[in-house]
Amino acid sequence: LKREDISRLKYLIVTKSWWDTVDLLAKVVGSLVIRIEGYDQIMLEWSKDSNIWLKRVAILYQLSLKDKVDKQILEKAWWLTWRQRKLLSSYGHKAGC
């Protein structure tokens, strides 16, 4: 994989969204993120995205990294995803949805 493949992976995640596909692509994303400096920040951006599959990858990509897990990035991605979900659910509740 090369640096520019992240956009292709994002495209696949968004357009071929299903549990098994996305979970497999999360491992591929993880192998790319670990090798390219700064790509962990892309994962934080994905964790803020409205697409649930990108959020899932932003958290799951580290599963296959074992001892190389960046706990700070994982915590931030989880927190951003949880916070946005919490805000959306409380908004829906107040709006009568």
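The model is a predicted one, in which local features need pLDDT of at least 70 and side-chain atom pairs count only at pLDDT 80 or more, while totals for chains, interfaces and linings use all residues. Residues are numbered from 1 along each chain as its sequence is written, and side-chain values use heavy atoms, with hydrogens and water left out.

The buried residues of α2 are V22, L25, A26, V29, G30, L32 and V33. These cover an arc of only 155 degrees around the axis, which puts them on the same side of α2; the arc is taken from the directions that run from the helix axis to the C-beta atoms. The elements covering these buried residues include α1 (5-15), α3 (39-48) and α4 (52-60). Helix α2 itself has 15 residues (residues 19-33), and at 1.5 Å a residue it should span 21 Å, which agrees with the 21 Å between its end C-alpha atoms; the expected span is 1.5 Å times one less than the number of residues.

Stepping back, the secondary structure of the protein comes to five helices and zero strands, and along the sequence these give the pattern α-α-α-α-α. Helices (H or I, at least four residues) and strands (E, at least two) are DSSP runs, numbered from the N terminus. Of the 97 residues of the protein, 32% count as buried.

Helix α1 also has a buried side, made up of D5, I6, L9 and I13. Seen down the axis of α1, these residues fall within an arc of 100 degrees, so they line one face of the helix. The exposed residues R8 and Y11 sit on the face of α1 turned away from that buried side. Among the elements that cover the buried residues of α1 are α2, α3 and α4.

The axes of α1 and α4 come within 8 Å and cross at roughly 125 degrees, which makes α1 oblique to α4. Here K10, I13 and V14 in α1 meet W53, L54 and V57 in α4.

Beyond α4, in the loop between α4 and α5 (71-94), lies L63, which counts as exposed at 64% relative accessibility. L63 is 33 residues from G30 in sequence, yet the two are 8.1 Å apart in space, C-alpha to C-alpha. Across the protein, residues 24 or more positions apart account for 61% of the contacts with a separation of 6 or more.

Technical notes. Buried means under 20% relative accessible area, exposed over 50%, partly exposed in between (1.4 Å probe, protein chains only). Contact means heavy atoms within 4.5 Å. Axes are lines fitted to C-alpha atoms, for helices over the stretch in contact, and angles run from 0 to 180 degrees between N-to-C directions. Angles under 35 degrees count as roughly parallel, over 145 as roughly antiparallel, 65 to 115 as roughly perpendicular and the rest as oblique.
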